[in-house]
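Subject: Structure handover

Hello,

Here is the structure for your files. My notes on it follow below.

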Amino acid sequence: MKLRHEHAILILALALVVIGLGMVFSASHEIARAKFGDAFFFVKRQMVRAIIGVVLLLVASQIDYRQWRRVARLGLVVACIGLGVVFLFTSIRGQRGWVHVMGQTLQPVEFVRLALVCFLASEIVRMGTKIQSFRDGLLPLGAVLVVVLGLVLKQPDFGSAMALSLISLTLIYMGGARLRHLGTAAGVLLAGGIVLAWSKDHVRSRIFGFLSPDAHAAGGAYQSLQSVLAIGSGGPVGKGLGQGIAKYGYLPDAHTDFIFSVMGEELGFVGCIVVLGLFLLLVGRAIRVAKAHEDPFARLLAVGIGMSLFWYAMINLCVALRLFPVTGLPLPLVSYGGSALVTHLFALGVLRNIARQAEAVERRPGRWTRPHQHAVEALL
C-alpha cells in the first residue's frame with residue numbers, strides 16, 4: 001500500500017521528535033539534576049514544546065499554502081524586526097540571539113528562516129524569467145539577503161548566517177537563476193563571511209581548532225575532539241541508551257548542539273544511520289511533493305522547506321564528525337531547543353498542506369502542463 005505524502009511527512013516528523021525526546025533526556029538528565037534538582041527538567045520543557053509544535057503542524061496542515069504567499073513580504077519584515085529586538089536583551093555567552101518573553105526564550109532567527117524561504121519562493125515566482133537577469137533578478141534578492149544576514153551576523157551568529165545563505169542560494173538556483181551569477185554571489189558572501197569571522201576571537205579560535213586540533217585540544221578544538229571520541233567509542237551498536245559518559249561534563253552542550261555525538265556513543269553506527277535515513281526520507285518527500293505539484297510557488301516552497309531541514313542537519317552532523325568548525329546549530333527536530341523545534345514542525349505542516357493538494361492533483365485524470373520549467377527539474 002502506497003503511503004500518501006502527507007501521512008509520511010507526519011510519521012517521519014513524529015519519529016524524529018520521539019527519538020529527540022529520548023536523546024534529550026539521556027544527554028541532559030545529569031546536568032538537569034545538578035543545576036535544577038530535577039533530572040527531567042529539560043525533557044519536560046522539550047515535551048511541552050513538542051506538543052505545541054505538533055499542534056501547529058496540524059493547524060498549518062489545514063491552512064491553504066497560498067495564504068503564505070500573500071503575507072510573505074510582511075512576514076519577513078516582522079521576522080527581521082525580531083532580529084533587531086534581540087539587542088534589547090542581555091547577551092548569552094557573548095551572543096544576542098534570544099528574546100525573553102514571560103520566562104521563555106525565543107530565537108527570532110528560527111522564524112526568519114521560514115519567513116525567508118516563503119519570501120524567496122514568492123519573489124522568484126513573481127519575477128518569472130527575470131530571475132535569470134543579474135540586475136533584475138539576483139541583485140534585488142541578494143540585497144534582501146544581505147540585510148537579513150547582516151542582522152544575524154550582528155548577534156553574532158555565524159552558523160545560522162551560513163545555513164541561511166546555503167538555503168537561499170539553493171532556492172534561488174532551483175528558481176532558475178544562472179549558475180555563474182550564483183557563483184559570483186556565493187564568492188562575495190564567502191569573502192565577507194571570512195573577513196567578519198576573522199574579526200571575532202571566538203570564531204577565529206574555532207577555525208584554528210579545526211585546522212590544528214592537537215595544538216588547540218584544550219581550547220577551540222575541545223568540543224569537536226570530545227565529539228568524535230564519543231561517536232567513535234559507540235562502535236556499531238553503541239553502549240546503550242543512557243550508558244554514555246560524554247555527557248558527564250566531558251562534552252559541553254551535549255543535549256543541544258552535540259546531541260548527535262551522544263547518539264553515536266549510545267546508539268552506535270546503526271542508530272546514527274537510522275536517524276540520518278529518517279532525515280533523508282523526509283527531505284526526499286519534500287522533493288517528491290515539489291515534483292508532483294503544478295504551482296511554481298508550491299514547488300519552490302516545498303523545496304525550500306526540504307532544503308532547510310537538509311542544510312541544518314548536514315551542518316550539525318559535519319560539526320559533530322569534525323568535518324567542519326563548531327557552529328552552534330542544533331540538529332532539527334532532535335536537539336533541545338523550543339524555537340527551532342516549533343518552527344520546523346510548523347514548516348512541515350505547511351509542507352503537508354502542499355502535499356495534500358499535490359495528491360489531489362495527481363488523482364485527476366491526465367497530466368497537467370507546467371508553466372515554468374525552472375532549474376528544479378534538474379534535481380527532480
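**Cavities**

The residues that line the second largest cavity divide into 4 nonpolar, 3 polar and 1 charged. The model is a predicted one, and that applies to everything in this message. The second largest cavity has a volume of about 40 Å³. Its lining is made up of R206, G209, F210, G220, S224, F324, P325 and V326. Helix α9, residues 201-211, supplies the largest share of that lining, with 3 residues.

The count of cavities of 30 Å³ or more comes to 2. The largest cavity has a volume of about 70 Å³. The residues lining the largest cavity are R113, L114, V117, G304, I305, S308, L309, H344, A347 and L348. Two or more lining residues each come from α5 (108-127), α12 (296-320) and α13 (338-362). Of the elements, α12 gives the most to this lining, namely 4 residues. By class, the lining of the largest cavity has 6 nonpolar, 3 polar and 1 charged residues.

**Second largest pocket**

The second largest pocket holds about 820 Å³ of space. It is lined by 32 residues, and the closest to its centre are F158, M162, L190, G193 and I194. The elements that give two or more residues to the lining of this pocket are α6 (134-153), α7 (158-174), α8 (179-198) and α9. The largest share, 10 residues, comes from α8. Sorted by class, the lining of the second largest pocket has 22 nonpolar, 8 polar and 2 charged residues.

The structure holds 8 aromatic pairs. One of them joins F36 and F42, an edge-to-face pair with 5.7 Å from centre to centre and 80° between the planes. F41 and F42 pair as well: their ring centres are 5.2 Å apart and their planes are at 85°, so this pair is edge-to-face. F36, F41, F42 and Y336 form one aromatic cluster.

F36 has 40% relative accessibility and so counts as partly exposed. F41 is partly exposed too, with a relative accessible area of 22%.

**Helix α1**

Helix α1 covers residues 5-36. At S28 the helix bends by about 55°. The residue that follows α1 is G37, and the phi of G37 is positive, near 70°.

**Loops and backbone**

T256 is in the loop between α10 (222-234) and α11 (259-292). Is T256 buried or exposed? T256 is buried, because its relative accessible area is 15% and the cut-off for buried is under 20%. With neighbours within four places in sequence left aside, T256 is in contact with P330, S335 and Y336. Y336 is also a member of the aromatic cluster described above.

The loop between α6 and α7 contains P156. The peptide bond from Q155 to P156 is cis, and its omega is near -10°.

L333 is buried, as its relative accessible area is 3%.

Regards

Notes. Residues are numbered from 1 along each chain as its sequence is written. This is a predicted model: local features need pLDDT of at least 70, side-chain atom pairs count only at pLDDT 80 or more; totals for chains, interfaces and linings use all residues. Side-chain values use heavy atoms; hydrogens and water are left out. On a 1 Å grid over the protein atoms alone, a cavity is a set of points where a 1.4 Å probe fits but cannot get out, and a pocket is an open set with protein on both sides within 12 Å along at least five of seven lines; lining residues have an atom within 4 Å of a point. Grid points are joined across faces, edges and corners, and a volume is the space filled by probe spheres set on the points. Ala, Val, Leu, Ile, Met, Phe, Trp, Tyr, Cys and Pro count as nonpolar, Asp, Glu, Lys and Arg as charged, and the others, Gly among them, as polar. Buried means under 20% relative accessible area, exposed over 50%, partly exposed in between (1.4 Å probe, protein chains only). Contact means heavy atoms within 4.5 Å. The bend at a residue is the angle between axes fitted to the seven residues ending there and the seven starting there. Rings of Phe, Tyr and Trp (its six-membered ring) pair if their centres lie within 6.5 Å; planes under 30 degrees apart count as stacked, over 60 as edge-to-face and the rest as tilted.
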